[in-house]
Amino acid sequence: MNHRLLIQNGCVLTLDKTMGDFKKADILIEGKKIIAVQPELEASDCEVVDATNMIVMPGFVDTHRHTWESVVRNVGADWSLEKYLGRMYYGNIGAKLRPQDGYIANLLGALEALDAGVTTLLDWSMINSPEHTDELIRGLQESGTRAVFAHGVPGDGEYWSRESQIRQSDDSRRVKKQYFSSDDQLLTMGLAIRGPEFSAWETAVDEIRFARELGVLCTMHLGFGTWGAVDRSIEKLHKAGLLGSDLNFAHANTLSYEEYKLIADSGASISVTPEIEMMMGHGYPATGLFMENGGRPSLGVDVVVSTGGDMFAQMKFALQAERSRINGKILSTGEMPVKFTISARDILEFATIDGARALGLDHKIGTLTPGKEADLIMIRTNDLNMFPVNHPIGAVVQCANTSNVDSVFVAGKAVKRNGKMLHVDIQRLRKLANESRDYIFVQYGVPEEAWPI
């Protein structure tokens with residue numbers, strides 16, 4: 001018999017436009033599914049969770065994260081994009097990982113995300129061998145997260161070149177069959193390709209077709225830096241008849257106005273990673289430009305070697321960067337801004353339902369809708385930085401941080417309760433992560449920014 005859970009007396013943000021939000025309501029969960037959301041639910045034979053003084057909402061969806069970088073986190077705090085690529089790729093730090101390093105890196109990175117209320121992430125992986133693949137997946141599986149494992153290519157220079165004719169590893173077929181034969185599971189598969197700006201055009205075309213043959217999401221870095229505006233990659237993909245809802249573009253900062261519309265019209269998605277983009281030099285976040293052309297961006301953390309793995313920071317960066325862009329235009333005319341064109345609710349939707357849509361998971365998650373799987377988080381409102389709550393969505397977007405995340409459920413299963421992660425051996429995790437970090441830096445050399453090991 002399915003376990004039944006009744007979450008009572010929470011301020012419920014369903015983010016379902018039909019249902020609306022509730023100042024106070026209950027949520028009935030049976031097994032992994034949401035059964036009902038309404039005030040004063042009557043249900044028997046349930047485990048009861050008191051959500052008084054809590055905001056209950058869908059878990060965050062991070063659509064672009066290099067999860068393995070957790071074991072070398074924060075060493076890139078002062079790295080530009082050029083320096084990051086030179087340190088992590090082309091046979092450098094990323095090439096030094098052993099399979100066991102990939103396991104602990106993905107386990108650590110996924111647990112960090114869960115602890116911060118991120119219940120779903122797209123893991124844009126770097127694959128050095130089939131053994132690495134297996135261990136990266138094992139780390140995600142053990143964490144209890146929901147994830148799209150985007151099967152990638154090695155970080156070696158012969159792969160990451162505009163002339164590269166090397167195709168995605170045929171091992172992707174084995175991975176799909178061995179680990180992702182069913183879509184009805186927490187982990188699903190994607191293909192992380194280099195795309196037309198980091199491989200030959202013919203290679204990108206073949207890899208997009210390969211992803212469609214496998215029936216998986218195809219994600220790539222595209223349209224940023226000094227080359228993004230020049231390459232007109234989206235225009236080329238459109239002319240080749242390749243745009244579609246199964247394509248996901250990370251960054252897309254410097255596209256033409258027409259290209260944003262082509263993406264929106266095709267149903268493809270953009271993953272905006274605002275903090276990293278503004279920090280490293282990708283270009284200004286595409287949030288508003290995509291919205292102006294009918295699109296709804298999603299949000300991602302991106303490189304956890306340089307920033308923390310939570311979505312609260314990304315929501316703030318995305319919101320204020322876009323407001324600053326529009327405000328700057330108005331100020332330049334000699335007028336003062338009066339009304340914002342982007343709201344806190346928009347940003348919260350980007351971080352939840354729009355992220356789920358980008359990953360092809362909106363039929364399962366992203367809103368607290370009966371029939372969907374119960375991926376939800378509970379945020380304390382009786383903490384010093386939260387009360388009194390006068391605008392719940394504003395409280396989540398502008399005031400909350402990871403310390404306020406009290407409880408996290410994935411498919412109806414608790415992974416965090418009362419502010420503590422469940423069934424996580426922190427001492428073992430720390431030991432394995434430190435050992436992996438030490439091994440990688442001994443092989444590569446300790447970066448000048450890092451403390452000596």
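The model is predicted, so local features need pLDDT of at least 70 and side-chain atom pairs count only at pLDDT 80 or more, whereas totals for chains, interfaces and linings use all residues. Residues are numbered from 1 along each chain as its sequence is written, and side-chain values use heavy atoms, with hydrogens and water left out.

## Aromatic pairs

Rings of Phe, Tyr and Trp (its six-membered ring) pair if their centres lie within 6.5 Å, and planes under 30 degrees apart count as stacked, over 60 as edge-to-face and the rest as tilted. By this rule, the count is ten aromatic pairs. In one of them, the ring centres of Phe60 and Phe312 are 5.2 Å apart and the planes stand at 80 degrees, so this pair is edge-to-face. It joins distant parts of the chain, since Phe60 belongs to strand β6 (residues 60-66) and Phe312 to helix α11 (residues 311-332), 252 residues apart; helices (H or I, at least four residues) and strands (E, at least two) are DSSP runs, numbered from the N terminus.

Tyr89 and Trp160 also form an edge-to-face pair, with 5.2 Å from centre to centre and 70 degrees between the planes. These partners, 71 residues apart, likewise link distant parts of the chain: Tyr89 is in the loop between α1 (81-88) and α2 (99-115), and Trp160 in the loop between β8 (146-151) and α4 (171-179). Tyr89 counts as buried at 5% relative accessibility, as does Trp160 at 9%. Both residues belong to one aromatic cluster, which is formed by Tyr84, Tyr89, Trp124, Trp160, Phe198, Phe224 and Trp227.

## Charges over rings

Arg138 lies over the face of Tyr103, at 3.8 Å from the ring centre, where a charge sits over a ring if NZ of Lys or CZ of Arg is within 6 Å of the ring centre and within 35 degrees of the ring normal. The charged end of Arg323 sits over the ring of Phe340, 4.0 Å from its centre.

## Asn106 in helix α2

Asn106 is found in helix α2 and counts as buried at 0% relative accessibility. Leaving aside residues up to four places away in sequence, Asn106 touches (heavy atoms within 4.5 Å) Thr67, Trp68, Asp123, Leu136, Gly139 and Leu140.

Conventions
Buried < 20%, exposed > 50% of the residue type's maximum accessible area, 1.4 Å probe, protein only.
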